[in-house]
Amino acid sequence: MSKAPQITAIKGMNDILPPESARWEWLESVVRRVMAAHAYRNVRTPIMELTQLYTRGLGEVTDIVEKEMYAFEDRADQHGRADHLALRPEGTAGLVRAVAEHNLLYEGGKRLFYMGPMFRRERPQRGRYRQFHQIGAEALGFGGPEVDAELILLAVALWRELGIHNWRLELNSLGQPAERLEHRAALIAYLQAHADQLDEDARRRLHSNPLRILDTKNPAMQALVEGAPKLIDYLGEASRRHFEAVQAILAASGVEWRINPRLVRGLDYYNLTVFEFITDSLGAQGTICGGGRYDYLVEQIGGKPAPAVGWALGVERVLELLKEEGVHTLEPTPDAYAVIPDAAALPQAMHCLQQLRALGVAVQMHAAAGQAGEGMGSMKSQFKRADASGARFALIFGADELAAGGVTVKALRDGAGAQTRQSLTDPALWCDVLKSTA
């Protein structure tokens with residue numbers, strides 16, 4: 001019979017396997033610890049939503065909606081009706097939909113965070129994939145600048161906990177809708193006066209989303225963009241006070257930043273404060289975290305008006321940055337490895353191991369590689385596996401040990417290989433020696 005052709009993963013949608021998965025678990029554990037310290041609680045939303053959530057919330061002329069979103073028509077029901085669905089390309093819109101749908105702001109503001117996969121149809125590149133992962137923090141129901149600053153300081157605390165040092169913070173203010181309209185008119189007039197210098201993408205966005213032209217990566221347009229009217233010059237008094245208050249809190253906390261008047265972010269829902277954390281260690285894909293205030297999104301998707309602010313970071317990019325900066329993430333290893341020379345010892349050995357695990361000891365048991373009846377393998381091969389596991393101790397369930405009602409505990413990492421005989425029937429008396437503190 002011919003061999004079936006191998007099925008492989010979709011390009012840009014990657015398996016995360018050990019030992020790499022241990023780095024993901026470590027990052028997620030640090031995130032949970034930092035979020036808990038700031039009183040942010042976890043929310044888990046579906047990976048699929050109605051397409052209109054994103055066209056209404058993100059904007060129909062954003063790159064995500066126009067080029068990158070996986071959207072499709074579902075199968076029709078018995079009445080011929082079919083929903084138009086999309087795999088989530090980002091996390092904020094779905095979280096806001098959940099907050100509005102379940103009326104979570106009824107008793108006041110909420111601080112929330114999420115972790116999970118997102119999907120965008122784009123050319124896979126370093127730290128950027130068709131299925132990628134984001135971690136986001138969102139504070140809804142709070143309108144003051146102190147919460148903008150809190151979210152920024154939350155990200156700074158996360159970098160410190162992770163051991164990431166190569167980053168810089170850029171800030172801008174997008175003001176309020178009326179201020180943006182005034183700036184928009186001036187920007188369009190300026191760009192029309194220099195229409196011969198616009199590339200195809202800029203000409204397409206000139207009337208639909210001219211603010212995004214300021215974020216162009218085209219080197220030929222940089223001088224033109226530098227001379228464009230700056231939105232920050234059109235801010236009213238209230239918007240200026242809000243932006244200055246954010247900066248005052250950051251300054252008091254010892255956080256440095258740079259105002260970047262070209263920072264606009266890629267989505268339509270932002271207003272007032274926007275920010276990005278950027279690194280020079282990842283080449284062109286330098287933004288590792290970005291966000292800002294989005295006071296009108298809850299209302300745009302059908303909820304009661306409520307202010308909000310948040311950020312998202314790319315997990316793959318942060319993990320790449322950890323590698324670049326040489327941050328060591330601990331791979332989980334068992335405290336002990338059970339060496340079992342004879343299959344006849346398995347009932348007693350496994351009962352002991354279950355007791356140890358219930359007492360908080362991580363134990364890896366040796367298992368036969370072949371079919372039943374082929375034996376457990378030589379002691380030499382088992383000790384090689386014990387050493388390779390990273391365990392600090394080997395538990396030897398040999399015939400002599402079992403006959404005496406005991407188990408031999410052998411140190412694997414102290415050089416001398418010290419060993420002691422312990423009671424098989426009462427592991428609670430000696431389990432503490434196994435628990436790794438390294």
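Reply: Let's begin with β12 and β14, which pair in the parallel sense over 4 bridges. Strands here are DSSP E runs of at least two residues, helices are H or I runs of at least four, and the numbering starts at the N terminus; two strands count as paired if DSSP finds at least two bridges between them. Please keep in mind that this is a predicted model, in which local features need pLDDT of at least 70 and side-chain atom pairs count only at pLDDT 80 or more, while totals for chains, interfaces and linings use all residues. Residues are numbered from 1 along each chain as its sequence is written, and side-chain values use heavy atoms, with hydrogens and water left out.

The pair belongs to an open sheet of 5 strands with mixed pairing, in the order β13-β12-β14-β15-β16. At its edges stand β13 (363-365) and β16 (419-423); each has a single partner strand, so one side of each is left without a neighbour in the sheet. From one strand to the next, the twist averages 25 degrees. For angles such as this, axes are lines fitted to C-alpha atoms (for helices, over the stretch in contact), and the values run from 0 to 180 degrees between N-to-C directions.

Now walk across the sheet. β12 (residues 336-339) pairs with β13 in the parallel sense, over 3 bridges. Alanine 338 stands opposite methionine 365 in β13, and its bridge partner in β14 is leucine 395. Leucine 395 in turn stands opposite valine 409 in β15.

What do the side chains of β14 do? Phe393 and Leu395 point one way, Ala394 and Ile396 point the other way, and all are buried. Buried means under 20% relative accessible area, exposed means over 50%, and partly exposed lies in between, with a 1.4 Å probe and protein chains only. In a regular strand the side chains alternate between the two faces of the sheet.

Contact means heavy atoms within 4.5 Å. Helix α13 (residues 379-388) lies across β12, β14 and β15 (406-411), running at about 170 degrees to β12. As for β13, its pairing with β12 is in the parallel sense. Helix α12 (residues 346-358) touches β12, β13 and β14 (393-396), and its direction makes about 160 degrees with that of β13.

Away from the sheet, salt bridges deserve a look. Side chains of opposite charge can pair when their charged atoms come close. A salt bridge is counted when a side-chain nitrogen of Lys or Arg is within 4 Å of a carboxyl oxygen of Asp or Glu, and the whole structure holds 17 of them. One joins aspartate 201 to arginine 205 at 3.0 Å, N to O. These two residues are separated by about one helical turn, because they are 4 residues apart in helix α7 (residues 200-205). Aspartate 201 is partly exposed at 28% relative accessibility, whereas arginine 205 is buried at 5%.

Another salt bridge links arginine 241 and glutamate 237 (3.8 Å, N to O), and this pair also sits 4 residues apart, in helix α9 (residues 237-252). Glutamate 237 counts as exposed, at 53% relative accessibility. Aspartate 432 and lysine 435 meet at 3.6 Å, N to O; aspartate 432 is exposed at 58% and lysine 435 partly exposed at 30%. There is also a network of salt bridges, linking Arg168, Glu170, Arg258 and Asp280.

Finally, some backbone details. The peptide bond from proline 18 to proline 19 is cis, with omega near 5 degrees, and proline 19 is found in the segment before α1 (20-37). Leucine 272, in strand β9 (residues 271-278), has a positive phi, near 55 degrees, although it is a residue other than glycine. Leucine 272 is buried, at 6% relative accessibility. Asparagine 103 also has a positive phi, about 55 degrees; this residue is found in the loop between α4 (92-101) and β5 (110-119) and is partly exposed at 39%.
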